[in-house]
Amino acid sequence: MPIILAALITGLFHFTTASAADPIYTGLFSSTAVGGYDPVAYFTQGEPVQGSKEYTTDHEGAEWRFSSAENRDLFIANPSAYAPQYGGYCAWAVAEGKLAKGDPSYWTIVDGKLYLNYDRKVQETWETDIPGFIMKADANWPDILD
């Protein structure tokens, strides 16, 4: 504990607060989108697939990982077709006017768009009125980032 306190006092650790949230959810100490999962795989394989550091690209200030060069190239050619809606934040939370992490394990594809949810319970709530929640989330996004 004294080492941490001394480091904070001397400025070794530097924390900043942003006036707005990042447009892509990457977590507090990460710059990786979708928790490192391959966003293209949801569409091509129908399931979450862990991406690789071997196949990456930068998009909107985040690192995106892919399970293959082919998936990476598909994403680069059309990021809006594969990136999760609302920057990978929880779609239900955005509909409720809040920001929460989207978990790559709790996902839905609706009308060719990928949506992530916070956890299983939130996804069950999301599934009770997906069109209504999408309408609310679309109205809140991207202003909710401010």
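This is a predicted model: local features need pLDDT of at least 70, side-chain atom pairs count only at pLDDT 80 or more; totals for chains, interfaces and linings use all residues.

Biologist: Where is the place of Tyr86?

Modeller: Look between two helices. Tyr86 sits in the loop between α4 and α5.

Biologist: What is phi of Tyr86?

Modeller: Tyr86 is a residue other than glycine, yet its phi is positive. The value is near 60 degrees.

Biologist: Where is Asp111, and is this residue buried or exposed?

Modeller: Asp111 is placed in the loop between β3 (103-110) and β4. Its phi is also a positive value in a residue other than glycine, near 50 degrees. The cut-off for exposed is over 50% relative accessible area. Asp111 has 77% relative accessibility, so the residue counts as exposed.

Biologist: Which residues form the aromatic cluster?

Modeller: Tyr86 belongs to one aromatic cluster. The count of aromatic pairs comes to 10. The cluster is formed by Tyr25, Tyr86, Tyr89, Tyr115, Trp126, Phe133 and Trp141.

Biologist: Why is the pair of Tyr89 and Trp141 tilted?

Modeller: The ring centres of Tyr89 and Trp141 are 6.0 Å apart. Planes under 30 degrees apart count as stacked and over 60 as edge-to-face. The planes of Tyr89 and Trp141 are at 50 degrees, so the pair is tilted.

Biologist: How many residues apart are Tyr89 and Trp141?

Modeller: This pair links distant parts of the chain. Tyr89 is in the loop between α4 (79-82) and α5 (91-95), while Trp141 is in the segment after α7 (130-140). Tyr89 is buried, at 7% relative accessibility.

Biologist: What are the distance and angle for the pair of Tyr115 and Trp126?

Modeller: Tyr115 and Trp126 form a tilted aromatic pair. Their geometry is 5.4 Å centre to centre, with 45 degrees between the planes.

Biologist: Which elements hold Tyr115 and Trp126?

Modeller: The pair joins distant parts of the chain, 11 residues apart. Tyr115 is buried at 4% relative accessibility, and Trp126 is buried at 0%. Tyr115 is in strand β4 (residues 113-117), and Trp126 is in helix α6.

Biologist: How does the lining of the second largest pocket divide?

Modeller: The second largest pocket has a volume of about 210 Å³. Its lining includes Tyr86 and Trp141, along with His59 and Glu60. The lining residues divide into 7 nonpolar, 4 polar and 1 charged.

Biologist: Which residue in the hairpin of β1 and β2 takes a positive phi?

Modeller: Strand β1 (residues 52-59) pairs with strand β2 (residues 62-66) in the antiparallel sense, over 5 bridges. His59 stands opposite Ala62 in β2. The hairpin has 2 residues between the strands. The residue with positive phi, near 50 degrees, is Glu60.

Biologist: What separates the closest N and O atoms of Arg65 and Glu63?

Modeller: Arg65 is buried at 17% relative accessibility. Glu63 is partly exposed at 21%. Their side chains form a salt bridge, with the closest N and O atoms apart by 2.6 Å.

Biologist: Why does Asp103 count as buried?

Modeller: Asp103 meets Lys101 in a salt bridge (3.6 Å, N to O). Lys101 counts as partly exposed, at 31% relative accessibility. Buried means under 20%. Asp103 counts as buried because its relative accessibility is 16%.

Biologist: How far apart along helix α6 are Glu124 and Arg120?

Modeller: The side chains of Glu124 and Arg120 meet in a salt bridge (2.9 Å, N to O). Glu124 is partly exposed at 41% relative accessibility, whereas Arg120 is exposed at 52%. Both lie in helix α6 (residues 120-126), about one turn of the helix apart, or 4 residues.

Biologist: What is the count of salt bridges?

Modeller: Arg65 with Glu63 is one of them. Glu124 with Arg120 is among them too. The count comes to 4 salt bridges.

Definitions and conventions. Residues are numbered from 1 along each chain as its sequence is written. Side-chain values use heavy atoms; hydrogens and water are left out. Two strands pair if DSSP finds at least two bridges between them. Buried means under 20% relative accessible area, exposed over 50%, partly exposed in between (1.4 Å probe, protein chains only). On a 1 Å grid over the protein atoms alone, a cavity is a set of points where a 1.4 Å probe fits but cannot get out, and a pocket is an open set with protein on both sides within 12 Å along at least five of seven lines; lining residues have an atom within 4 Å of a point. Grid points are joined across faces, edges and corners, and a volume is the space filled by probe spheres set on the points. Ala, Val, Leu, Ile, Met, Phe, Trp, Tyr, Cys and Pro count as nonpolar, Asp, Glu, Lys and Arg as charged, and the others, Gly among them, as polar. Rings of Phe, Tyr and Trp (its six-membered ring) pair if their centres lie within 6.5 Å; planes under 30 degrees apart count as stacked, over 60 as edge-to-face and the rest as tilted.
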